[in-house]
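Colleague: Please take me through a few local features of this model, with the cut-offs stated as we go.

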Amino acid sequence: MLKDTLHLTINSLLHGLELGATAEGGAPTKEICKLKIDEASTNDADADTTRAESPAIKSKKRIDVVAEYSKHQKNRDTLNLVVVGHVDAGKSTLMGHLLYALGQVNERTMKKFERDAEKIGKGSFAYAWVLDETEEERSRGVTMDIATSSFATKHRKFTLLDAPGHRDFVPNMISGASRADVAVLVVDASTGGFESGFDGNGQTREHAILIRSLGVRQLVVAINKLDMVEWSQDRYLDIKTRLFDFLTGCGYQKSDVRFVPVSGLKGTNLVRRIDPGEMPSLAAWYTDEDAAAQNTPGPCLVDLIDTFTMPERPVDKPFRLAVTDYFKGGTFSSSSSVSVSGRIAQGNIQVGEQIVLVPGGERGTIKAIDVDFEPEEWAVAGDSVVLMIQGIDIQQFSVGSVVCALGRPIHATTRFEAQVVVFDPPVPITNGFPALLHIQSLNIPAVVHKIIETMDQRTGEVSKRRPRHIRKGATARVEIATESPVCLELFKDSKDLGRVMLRKNGETISAGIVTAVYGN
């Protein structure tokens, strides 16, 4: 259970970790350098990385992807938005209604969902079925895996990732959140609803910490089901105050957290601002402080997510795509190719280019690219894609393997060092402590092979070398070992591929960043 007492500790890690500089051979030097987790300086050598020339399809001319991206960046940039929160907070219903209101779901399909939901006595689930597609999800009324869709606002394009809220499916939630740039945290404002998610073993706290640990900085909190308490301002302010204190204690900047009252089921304040005549009880207190006219209704959910800022995309680094799914064939490919889905962590790729798969080192050729459900000639960092790869047998692929630029593959190792913050493990962490390691979509058994040192949270200086154990709330540098190779990068070289988490018995016990990689 993640306690309020850990706020300062979590903030120390997520806001300003002190990392040891790493020498070329992988051994940490004595020099300590301050490094913010989301503003780490990149290796200068990567700035002038050269991509290995590879044979292209004869009918295609090789494209200068970086130049093309610079020309079309405004029209191509897409934000990856993950929706998280405690089970039964109404995430799928809210986002399904939003997609319908934005025209992403036609009237005929929506009517069918309503009829089918009524047939099984769950009429209120109709909007959730826009995203919950499997029979088990619909019958149980619980999101079990990441549901993906897309939509556009006035200034932004989004790939939507609807994450499961039940604690049994946290690994799937981590898989989705690891691909996100921004997030919407949905909380239940009904009587007892917020408390069940925020207190005790609720997932509101854990989800908020997990997405922050995975690099998400911008967050909108949708206070849902407020209609069930008559749009009470007191209830809204109570939830807002408690959550705001918790979130800023977890490392979120005050300016990066916004709140909005909504009703996902009724569609209130999702895609358009409320009409004071229709919603006098909400309009009486929810106003836009920045508007010139007094008593102007406050922003709706779409207004707020439309203002998310674009992160910088490392399009000129060596290409990396962590595999989240793979299958034979595909819409734009032949039966002899393998389709691989995921989010491009860095670099760029184009049709006809050769790649290498890690671990294993098999080489293949990109035959087609699908970006957000549309065929494209090229793709860049931040794009959610399906790559059709020829020349590699499907048995060589696995979730967690990484498609890389030829000549610049990612590290594959069974031993690495990480600087971690320890949350609230059931027992202190000692040498040989077993846990489940999470990197992107991969989760694999691992052990804390060695506790190297604990560190002062304020200064980053070493407080104790080779301690016998790590207590909750501590920051430490540890060596982690796995039975089979995992693909990762130093955090200073890749923010996406340099983050790790440790879970034990269904609880997240630690999160951190990779500081050294050892050769096998």
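Predicted model: local features only at pLDDT ≥ 70, side-chain atom pairs only at ≥ 80, totals over all residues.

Modeller: Residues are numbered from 1 along each chain as its sequence is written, and side-chain values use heavy atoms, with hydrogens and water left out.

Colleague: Which backbone oxygen lies 3.0 Å from a polar atom of the side chain of Ser510?

Modeller: Ser510 sits in strand S27, residues 507-517, strands being DSSP runs (E, at least two residues; helices are H or I, at least four), numbered from the N terminus. Leaving aside neighbours within four places in sequence, Ser510 is in contact with residues including Val420, Val422 and Met501, where contact means heavy atoms within 4.5 Å. At 3.0 Å from a polar atom of the Ser510 side chain lies the backbone oxygen of Val421.

Colleague: What is the relative accessible area of Ser510?

Modeller: Buried means under 20% relative accessible area, exposed over 50% and partly exposed in between, with a 1.4 Å probe and protein chains only. Ser510 is buried, because its relative accessible area is 2%.

Colleague: How many of the 11 residues of helix H4 are buried?

Modeller: Helix H4 spans residues 91-101 and is mostly covered. Among its buried residues are Lys91, His97 and Leu99, and the count of buried residues in H4 is 9 of 11.

Colleague: Which residue just after H9 takes a positive phi?

Modeller: Helix H9, residues 203-213, has 11 of its 11 residues buried, including Arg205, Glu206 and Arg212. Just after H9, a positive phi of about 105° is taken by Gly215.

How values were computed. Polar contact = N/O pair within 3.5 Å; in protein donor to acceptor, adjacent residues only side chain to side chain.
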